[in-house]
Every structure is written in structure tokens, then in C-alpha cells.
Amino acid sequence: MKKIIYLIAIVALLNACGESFLDTNPNDALSPSTFWKTKKDLDLALTGCYNGYESGGNQFYRDCGSDNGYNNFPWEGWTNVGNGKLSPSDPGASYYGFSTINRCNEFLANADNATAVSEADRAIYKAQVRFIRAYKYYILTVNYGDVPLIKENFDSPEEAKVPRDSQADVRKFIEDELAAVIEVLPAAYSGGDYGKATKGAAQALLMRYHLYFKNYDKALATAKSISGYSLYPSFEGLFDPANEQNEEVILSVQYTQDLYEFDYTPYLPNGIGGWSSVVPTQSLVDAFGMADGKTIEEAELAGEYDPTNPFVNRDPRLRASIVYPGQVFVGKVYRSIEESSNDYYNKADNASKTGYNYKKYTSFLDINPNSSYWNMGNDVFLFRYAEVLLTIAEAKIELNQIDAELYKALDDVRVRAGIPKVDQSKYNNQESLRKLLRNERRVEFAMEGLRRDDIIRWGIAKDVLNGNLMGAKRGTVLATTQPNGDHNVSMTLPANLIESRSFDVSKNNLLPIPQSAIDKNPALKPNNPGY
């Protein structure tokens, strides 16, 4: 089915090289004289580079570092990222690891010894590895700024004690690497090689890179150069495991049931056996507008939105993304606002503290309630075509190019979601379109790990991550139902206060380099004197 997944099961020998080549010198590196010979050797080593370079859990949990999500359990690492209470000694969830980069460097240093493999094929292997290494450096520099830029592995631990390179140098490396591999990587692979890095994946990463660093001309040009993809017709169907290999997916993290499976237990409601580790905030729920395209504030003024029964006639992406009170999910009515429910916020440790749970990627349980949700094989998307369209729209907004191409990019995403095209008489200037675009990204990519980077690059993290984090108002689930089968609710009791959050730009824009890494490599310095 997915050849790369089957190979992952037999690459443990490649993963024993230590957590970081900056911490220790690997003693078990594979010898060029015995290993790097055949295509099978390259396949094994390549799979070692792919193994763990990214994960679905990273994508889901990362939203807890934004106003989209809350991490219920501090020991999982994301509670403190969300509330800003981080330090080198308590860094929360950390991306500061170099084991994948170590494996990539090892591959690139030895791949050409496999002379039984054609030079053209070796070039594609190496391009994939260079993509993975560039991806890891993108994650590192976005989260930590200056980081050591190591292109070749060290011979000893002492040599590995190097200072951080400037972000400018890291950025140039990423950009140059991606530009190079775009010229080598194929547009697609056949059969069992699905899931490997393609030209489109490298273009998508370069596009995201340019957008993050506000190079809007380059972001626009790169986005427009991506071809061969289109929106999947149904937003909800996009996340159905049966459709995981569809025309919208540019790159995904691969999973296979019983072998390299994904466990959805942390994301599901307590009432069906989940842990509610990652849950949506009220702020995110309120960001989803109405089915006719109005915001909930506009609809309330028009008498079309009832805040005590708030889930009627909403943007269909809300129901596809979030389990909310009154919704029928896995054959049960979700009653988190009622004190008698097992999903009530203080009923159990695993009950959602916000009164909401995520639904995106878990709609398979509506289709088959008996699914083994702790042993799923559905892929998790890293890049999809909707991001390309919204990048085109954002870049043109920031360049103040208000034209038909901009509106079409927004309209395509909105219409696929089931809401109307943009009202061009209302959204007709840079400021109004910027507000619309930012909200579109928020609701389209909820739980996909993009929100924290967005609010930091937009400079609004200080506005949305300071203050009280609120959950749903409490109340009663009514017997009456909506046309979709969900129950109406009466949410008239006070909302649940989850925590107080703070965000100091000088301290929280970057994650702290862990003290453990500084202890092993004294040449490293903290991100700022505030730590």
C-alpha cells in the first residue's frame, strides 16, 4: 500500500544515533564499506530520514499554542506554550532536536557510494533528503530564530559544540536548497511511493517560507507556479480516510493501520473514551460565520443568530471541524454543557475543559462508530491546495493588488466550504480584505498547525493571547432538532474560565532553547535576556 511505511518498520538501526548530533557523536553510523551500496540500502536510509520528520500530533497540538486550542494536560508540553509561561528550564513542547538532520547529513555524505543506483535516481533520492532537511530547518528557525546550521555531521562531540548561526544564514540555506530541489524532484511518484516529497511539496514549503517572512512578491510567484492540484469537492469529505490520497493533497504524513498507526484518543471526547488533550476554544468557534457568509455579529444584529442556540445555520466547516453541544457525534448527542454529562468540564480529567472537541479527521467515527480510533491509518496533511489559494489571496492583499484573481482564490475556498462568494461591495479594500482573509485561514485550517505561526507573523499574538481563555457557556441540550439532526441548545449559564494567558512579544515570539541543550553545548545562548 505505502512502501515507505513498511520500510519504517525496519529502520530502527538508523534511529539510534542519539537525539541530537549537537549533543553526542553517533557511535553506530552505518559504514560506507558495508551499507551504502544498493537501491535497497538507499531505500532504507531514505525511510530513516522520513521516519519522524513530522507527525500528525505535531500539527494538532501546535494549535494549542494559539487562540485556537487548549492543551488540557501540562505534561504534554503545550499548555505553557499557549499561556506564555515558558523558560529554558521548562520549555514546554520543544522542536529543538537535530536527529532527523543528522540522518539527512549522513545520507547526503554517503548516497553517491551506491553506484549500483543510477546517477539520475540518486539525484532524486538526495533531493528528497535535502527537502526534509530544509523542512526541519524551517521549523527550527521559525521557532527559535538563530540556530546552528550544520550541513555535515561532526566527528566528535567536542566539535559539535558550536554557536547559533544567524537566521539570515539559515534562511538563505533554506531558500537555496528548496530552489535547487524543485528542479530535480518529480511532480509525482507511482503506487507505493506516494507520500514522498515532490516538486509541489518543495514549492509549497518555499511558498510558506516566503509568506512567513513577508516576501509577498515571491510568495505569490511561488504559489502561482504550483500546478497539478485542485480543491477536493467536499470539505468534510477531504478528511475522510477513504479520500486521503486526493487531488488537494500536496504532501501528507503517512500512517498505516497495525504498522505505523495514528492514535486519535487524545483528540476525542471523554464520553466515547477520548482524553480531550487538544480542544477548541470559544474564540475559534466564534470565528466560524454563518452559512450565508455573515459574521455571527452581523447575523445577531439582523436577528438571524441566537447566542443561546448558536450552532444553527453556521458555516458548514464548523460542524466538520468541531464537536459542539447538541451535535450528534458517533451516534450520541454531545452534552458537554450539562452537569450530568460525562463530557461536562469537571466531570472527569478527560472531559474537555472548553466544552468542545475537535472533529476534523475523526468523521470516520460517524461513518463507522466501531472503528479502532487508537489504530488508524489515515494520513495527516502537511500541505494542501487550499493553502496555495489563500496564499495567493493574502499576498495580493498585502501587495494591494485588489483584482479578480484575488477574489477567485477566496471564492474557490469559500464555495467549496458551502458559503457564498465574497461580497465585493463590502470587501473592497486592503483593510477589509485582510480581516476577511485572516479569518478564512483560521477556520479553513483549524487543527492543522498553522494558526500560531500566522498570529506571530501578523503581529497579533499579543492581542489574541493576552487575557482570559474561555470555554462554552453552560446550559441544556433540548429535545428539538435541526434539519441536520443535531439538537438545539439553550446556553444561558456562565461560560467556563479555563485560564489566564499572557504573551510578551520580546519573550514569546520565539520558543526558549531548552536548558538541557545549552548544558550540553555551552556555545548556545538563550533566545533573549528575559529568560
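1. Burial first. A residue is buried when its relative accessible area is under 20%, exposed when that area is over 50%, and partly exposed in between, using a 1.4 Å probe and protein chains only. By that rule, helix α5 is mostly covered, with nine of its 12 residues buried.

2. Ground rules. This is a predicted model, in which local features need pLDDT of at least 70, side-chain atom pairs count only at pLDDT 80 or more, and totals for chains, interfaces and linings use all residues. Residues are numbered from 1 along each chain as its sequence is written, and side-chain values use heavy atoms, leaving out hydrogens and water. Helices (H or I, at least four residues) and strands (E, at least two) are DSSP runs, numbered from the N terminus.

3. Helix α5. It covers residues 99-110. The expected span of a helix is 1.5 Å times one less than its number of residues. Which residues of α5 are buried? They are S99, T100, I101, N102, R103, C104, N105, F107 and N110. These buried residues pack against α2 (39-50) and α6 (119-144). Contact here means heavy atoms within 4.5 Å.

4. N102. Look at this residue inside helix α5. N102 has 3% relative accessibility, so it counts as buried. Its side chain makes a polar contact of 2.6 Å with the side chain of N153. A polar contact is a pair of N or O atoms within 3.5 Å; within protein, one must be able to donate a hydrogen and the other to accept it, and residues adjacent in sequence count only if both atoms are side-chain atoms.

5. Cysteines. A disulfide is a covalent bond between the sulfur atoms of two cysteines. The test used here is a pair of cysteine sulfur atoms within 2.5 Å. By this rule the model has zero disulfides. C49 is buried, at 1% relative accessibility. C64 is buried too, with a relative accessible area of 0%.

6. Strands β9 (residues 467-481) and β10 (residues 487-501) run antiparallel and are joined by nine bridges. Two strands pair if DSSP finds at least two bridges between them. Five residues lie between the two strands of the hairpin, and G485 in the turn has a positive phi of about 95°.

7. Two asparagines to check. N313 has a positive phi, near 55°, though it is a residue other than glycine. It lies in the loop between α12 (296-301) and α13 (316-321). N313 is exposed, with a relative accessible area of 53%. N400 also is not a glycine, yet its phi is positive, at about 60°. Its place is the loop between α15 (385-398) and α16 (404-417). N400 counts as partly exposed, at 48% relative accessibility.

8. R171. This residue lies in helix α7 (residues 167-182). Is R171 buried or partly exposed? R171 counts as partly exposed, at 21% relative accessibility. Leaving aside neighbours within four places in sequence, R171 is in contact with Y209, F213 and N215. R171 and T47 are 124 residues apart along the chain, and their C-alpha atoms are separated by 26 Å.
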